[in-house]
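Hello,

Here is the structure I promised to hand over. Please load it before reading on.

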Amino acid sequence: MAIDHTPVEEKMTRTLEIVPPDASMSEAAGEMRNRGLGALLVPTAPPAIVTKADIVDAVADGKGPTTPLEEIMTQPAESVPPECPISEAAAMMTTFGVDHLPVADDDFLGMVSLADITTEP
């Protein structure tokens, strides 16, 4: 398999949905379902991310739908610059065990997911 040097900015989802850390798991899950997303950015310092997997893990741990995201989010969120090659982003996902990486330079630009990387153009 050839190494893909395509920059993530060519594959990322440019719509970046943001949810506050005090939003509930239920609110985040509804937002993900309604927008067809697998992850949301949480604007904290440092930035965080909440994914469908975070919500599933929290439910399995007995947390309820009103649990605030700040209790289940992944912080800090690993991110990549827009010029990062797809192959490097895929390696990071494997290393960190994640399916989503925010794409950022001075600000957040989008999100790249495992599905974005593995889908043919």
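Predicted model: local features only at pLDDT ≥ 70, side-chain atom pairs only at ≥ 80, totals over all residues.

Residues are numbered from 1 along each chain as its sequence is written, and side-chain values use heavy atoms, without hydrogens or water.

Helix pair. Helices α1 (residues 25-35) and α2 (residues 52-60) pack at about 140°, with axes 10 Å apart. Helices are DSSP runs of H or I, at least four residues; strands are runs of E, at least two; both are numbered from the N terminus. Axes are lines fitted to C-alpha atoms over the stretch in contact, and angles run from 0 to 180 degrees between N-to-C directions. The pair is therefore oblique (under 35 degrees is roughly parallel, over 145 roughly antiparallel, 65 to 115 roughly perpendicular, the rest oblique). From α1, the contact (heavy atoms within 4.5 Å) uses Met25, Ala28, Ala29 and Met32. From α2 come Lys52, Ile55, Ala58 and Val59.

Largest pocket. A pocket is an open set of points on a 1 Å grid over the protein atoms alone, where a 1.4 Å probe fits, with protein on both sides within 12 Å along at least five of seven lines; lining residues have an atom within 4 Å of a point. The lining has 16 residues, with Thr51, Ala53, Val98, Asp99 and His100 nearest the centre. β2 (48-51), α2 and β3 (100-104) each give two or more residues.

Peptide bonds. Ala45 to Pro46 is cis, omega near -5°. Gln75 to Pro76 is also cis, omega about 0°. Pro76 sits in the loop between α2 and α3 (86-96).

Best regards
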